[in-house]
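Hi there,

Here is the structure I promised to pass on to you. Have a look at it first, and then read my notes below.

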Amino acid sequence: MLQRMSGVFIGALFGTIFVVANAHDPLNPAIGIALRVLAVLTFAGLLTLALRAGRRGQPAPDGPEAPQADWFRGKFAFVVGAEAVLLIGGNLALRAAGAPEQTAVAWIALIVGLHFIALMAVWKRRSIAVPGAALTALGATGLGMAATSAVAWVPFVSGVLSGVALLGGCAYAITHTYRSTARP
């Protein structure tokens, strides 16, 4: 369970970072602050629930969400390495092409979403397909918006909404794990 929860913690942390870093203009400042506070509180709540699940015991090893022997080697390392190359190379290419600075968050959301879809196959976890598809769609949408007069909204669409999708996916995973540790 520790390996799975570390992946969920990473997702929740990055979801929180997506919201905190991108909840700014053109949003009303009060809404931006509220979104940041809500993201941090959500992260704290998810962390608390995961720790409580860990104290309750291990989940049943049956079913499609059963623990894997080793989540963070082999194909995982390849997926993360490819993600890093695409993140850096893509952002450099966007800058060289003169793309607006807002495309950076859209590119990040797109590549992180695709990384989740690849990890779905590696880890055999259908549950990560939903946030993966959401981030991929939000990133692609933001890249499309960058060529329009709506470019100022790209951080909200590709950043804040991607953070919400990550936090939501992590909430699902942690809640599922917490319920599976319930004593009969």
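Which residues form a nonpolar patch on the surface? They are I10, L13, F14 and I17, and together they have about 350 Å² of accessible area. One of them, L13, is found in helix α1. With a relative accessible area of 38%, L13 counts as partly exposed, because that class lies between the 20% limit for buried and the 50% limit for exposed.

Now turn to T16, which also has its place in helix α1. Is T16 buried or exposed? Its relative accessible area is 8%, so T16 is buried, as anything under 20% is. Which residues is T16 in contact with, once its neighbours within four places in sequence are left aside? The answer is A39, V40, F43 and L167.

Another detail to look for is the peptide bond from D25 to P26: this bond is cis, with omega near 10°. You will find P26 in the loop between α1 and α2.

A word on confidence, since this is a predicted model. The chain has a mean pLDDT of 87, and 86% of its residues reach 70 or more. Helix α5 (residues 129-145) has a mean of 96, while helix α1 (residues 2-22) has a mean of 86. Please take care with residues 60-69, where the pLDDT is below 50. Beyond near neighbours in sequence, that stretch has 17 contacts in the model. Where pLDDT is low, predicted coordinates should not be read in detail.

Enjoy exploring, and write back with any questions!

Best wishes

Notes
Residues numbered from 1 in each chain as written. Predicted model: local features only at pLDDT ≥ 70, side-chain atom pairs only at ≥ 80, totals over all residues. Heavy atoms only, no water. pLDDT = per-residue confidence, 0-100. Helix = DSSP H or I, 4+ residues; strand = E, 2+ residues; numbered from the N terminus. Contact = heavy atoms within 4.5 Å. Patch = residues over 30% accessible without salt bridge, like charges linked within 9 Å, V, L, I, M, F, W, Y side chains within 5 Å. Areas by Shrake-Rupley, 256 points an atom, 1.4 Å probe, with all protein chains shown as cover. Salt bridge = Lys/Arg side-chain N within 4 Å of Asp/Glu carboxyl O. Buried < 20%, exposed > 50% of the residue type's maximum accessible area, 1.4 Å probe, protein only.
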